[in-house]
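Thanks for coming. I have one structure to go through today, so please have a look at it on the screen.

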Amino acid sequence: MEHLVKDQQLTFKDFSTDQDVRWCPGCGDYAILSAMQKALPQIGKEKKDIVFISGIGCSSRFPYYVETYGFHSIHGRAPAIATGVKLANPDLSVWQITGDGDALAIGGNHFVHVLRRNVDINMILFNNEIYGLTKGQFSPTSKTGIQTKSSPHGTVDKAFNPGKLAIGAGATFFARVVDVDPKKMVDVFVEAEKHRGTSLVEILQNCVIFNDKVFSAITDKEGKFDNQLWLEHGKPMIFGKENNKGIRLNGLKLEVVTIGENGITENDILIHDAHCEDETLHNMLVNMVLPEMPVAFGVIRSVKASTFNDKLWEQISHEKTKAKFSSIDEVVNSGVTWEI
Amino acid sequence: MTKNIEELEEVVIKFAGDSGDGMQLTGSQFSNTTAFIGNDLSTFPDFPAEIRAPQGTVAGVSGFKIQFGSTSVFSPGDEADVLVAMNPAALKANLTSIKDGGTIIIDSDSFKIKDFEKAQFTSNPLEDGTLDGYNLIQAPITNLTKESVAQFDIENKSRTRSKNMFALGIVYWLFNRPLDITENFLDAKFSKNPELAKANKAALKAGYNFAITVELLPSNYTIKPAALPKGKYRSITGNIATAWGLLAAAEATKLKLFLGTYPITPASDILHELSKYKNFDVISFQAEDEIAGICSAIGASFAGNLAVTSTSGPGLALKGEAIGLAMMTELPIVIIDVQRGGPSTGLPTKTEQSDLMQAVYGRNGESPVIVIAASTPSNCFDFAYQAAKLALEHMTPVILLTDGFIANGAEPWRIKKLADMPSITLNMATKKEGWSPYLRDEKKLARQWAIPGTKELEHRIGGLEKQDISGNVSYEPENHEKMVTLRADKVKRVANFIPELSVQGVSEGDLLIVGWGGTYGSILTAFSELIKEYKNVGFAHFNYINPLPKNTNKVFSKYKTILVCELNSGQFIRLLKGELSQFNYQQYNKVQGLPFSKKELINEFTKYLK
């Protein structure tokens, strides 16, 4: 029996389509696609039961390249379409692919509402801090002051922090990864699928054409270890080339300390609790920015909560047990009627 | 105390009061009772957009008009035989729409000097001759209501609230109606607060008894049951009929019904009604906005539900891009637009037919969809069902136009059985052999519906141009033109599957009166009157807007003049002129947020019939 299951096990290849992938050479999207194609065989779903829904933008071409059901929709509206798909058929594994413009500018309203409702979908947010498909305007996550085609004198906009916005909207799952770390992406995608509720995965994704190296301080070889904090539930928040730096709570602030200096031991370092319902610490973690603090990665928040689709279908089942009518004929004949 | 009983053929009553006076409830109770005793009827609720508009002002008047009779009634009528005015503002708002010699019942307790001022009467209309020629009945309704409920243990502020029931009691006596239907309604409505039920029933009875005892009323009236076709009837509004038509289509197809929508006047009752039927697997999803409403429905359609979104004009504007997506991806979806006065926010609670152009053309690119229009409150059932049938069988969005007038208006409906409705054939793809995402059937040009969860039919769709048959993204110039043509032809071919246009009156003559959608009752009422005197005239009413019925050309060719009547500045006539330019068209339009009256239509018709 075990053999049989193994023989049928899907692989990376099963999730590739015959369509030419049309992203720019060197685009971070390739790595994400490949990580997804590696993650999908691990989620225990047949291809027929997986759906990818996207909006508009470079990232939103993604569904064309994944051999499942797919829907490349209109700008910003993918969360609403994904919600409809999931409510209609809760057995489907529904993945929304989006970008920083699609999710946080034109689709900002749907973004917060799908998180508020906690519809059981996985939302993969490709954050490259720029508009790529429209050829290089600033986005809602672009850093203040960035010079682009639509901001030749630098932007005066403040940027959204997607994690902060999501947690504010009631997100039950938030993870952050980088496009240059495919193994971690695969793990986080699998975790996202396991989580019941809206799972938001923010991927810091490099746009080689319009915003190249925007994340280099985080991802470069020399900075990588000191600037990335990889969180794991139940593990201390330790990072750094020497694995001797840690995060400590000092009053109402997080701070970086070095184990072995000033009497600091591993016991002083915070233990990551992704399952904690209170979002205070999760918010502090998503808010950490260079250079004072490392950037937090991994599953930052993953709390249990009932999902919108479960509650809806529970209500439907419950109403069936006490239904007044069993057919439309009974409905139209109910109330005051008379014979002529 | 014996009274005369006079027999009448048809009567128009207008209930009018402040928007918090409960006039809509009063009117609908009178309608239900009247329908129950077998009269034909048509109603017209007319209320301000504000929930509680400034008290006592003309702007805050809420009205409910009903015409009922022993013959067929197609419209709520023009001038009222009886006006119930709960305050001076209600009187003022309706002064010009009462028949000469008509009866006016007022609450004399609310006709004080400050009430006149609020209603902007410069003198007391009860004394200054304003009401000469009318049969005025002054009843101290507020005070008598208070007395009638004195014995009940209810809140003080509720004591005068039952005055609408007192007024209803008077009118029930005047037209010989039984009280029990309203009494049962009150028991059910206040089942959690029996004292309130008792108080309201007491006020109703007190009004009835007051009418018996006062000598102001010379006689009461009886209206024989109408000679309607045999069968079982109920009273129904257009919005409820729309909701039920969708339920019927879901049951007929065994599909789950998904309503993705956002509240908007005057369409919200469709959401309210469908939200009650979770037991039928109805998923009613109140989205964060109009766009999410339709997009969730598109998602549900992709996943295999009977998907619907309901809205009014401003919402249809917001849904435009998504309708284009559904058209491009060739997914079935029903979009219901309960039209209201526009443009912009316009007149939310008033009726109009000004979304026709938006429905037919209001999207980017060449984006044809099926557009149909219901024409009476009860046939909203049939057209909602038909909208679902066309969407599912032709794999395309269908816009169903109704309007505030028929959505809120009520009439008796000979109850239909699901078994009597036409069958709906689903277009499901089930196996890979011989299937491609955009392969079409020869007759309808519809593609198949391959829903997630179906083995081996994994495929991708989207808003980018599709390659013919494969559905892959394609930017090829010839393919684009071919696909634009295919999508247009698909909608054109629907003409082969819908009923032909029928004509009432002569099938060849001087004048063809043309209407579409919710004006049917008004035009038919005027037309029925007109043909008593003029013979050379026909009347054709359109329920199918895009595509037009196949025989439209043939029908039009038999008349010298085609007079197109619409509640807009001339939208359908433009469409007709575009498609069938060879005819002599004339137009009659009204854009006041009100339905046509019989009088104005007949005036207009006779201009063409010397």
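Before that, a word of caution: what you see is a predicted model.

Let me start with chain A. Its secondary structure comes to twelve helices and twelve strands. Along the principal axes, the C-alpha atoms of chain A fill a box of roughly 90 × 55 × 45 Å. How much of chain A is buried? Of its 340 residues, 46% are buried. As for contacts in chain A with a separation of 6 or more, 66% of them are between residues 24 or more positions apart.

Now to the place where the two chains touch. Here 48 residues of chain A are in contact with 57 residues of chain B. Which elements of chain A supply at least two residues each to that side? Among the helices there are α3 (78-88), α5 (108-117), α11 (308-321) and α12 (328-332), and the strands are β2 (69-72) and β12 (337-339). The element that gives the most is α3(A), with eight residues. By class, the side of chain A that touches chain B has 22 nonpolar residues, 16 polar ones and ten charged ones.

Three bridges join β2(A) to β17 of chain B, residues 460-462, and the two strands run parallel. To pick out one position, Gly70(A) has Arg460(B) as its bridge partner in β17(B).

That brings me to chain B itself. The domain assignment gives domain 1 at 4-223, domain 2 at 234-420 and domain 3 at 503-607. How far apart are the C-alpha centres of domain 1 and domain 3 of chain B? They lie 36 Å apart. The contact between these domains takes five residues from domain 1 of chain B and eight from domain 3 of chain B. On the domain 1 side, the residues that touch domain 3 of chain B are two nonpolar, two polar and one charged.

The last item is a helix in chain B, α13, covering residues 379-394. Helix α13(B) has 16 residues and reaches 22 Å from its first C-alpha to its last, close to the 22 Å expected at 1.5 Å a residue. Is this helix mostly covered or mostly open? Mostly covered: 14 of the 16 residues of α13(B) are buried. After α13(B) comes Met395(B), with a positive phi near 50 degrees.

That is what I have for today.

Conventions: Residues numbered from 1 in each chain as written. Chains lettered and ligands numbered in written order. Predicted model: local features only at pLDDT ≥ 70, side-chain atom pairs only at ≥ 80, totals over all residues. Helix = DSSP H or I, 4+ residues; strand = E, 2+ residues; numbered from the N terminus. Buried ≥ 20, exposed ≤ 12 C-beta atoms within 10 Å, placed from the backbone. Contact = placed C-beta atoms within 7 Å. Domains from an automatic or database assignment. Nonpolar A, V, L, I, M, F, W, Y, C, P; charged D, E, K, R; others polar. Pairing = 2+ DSSP bridges. Expected span 1.5 Å × (residues − 1).
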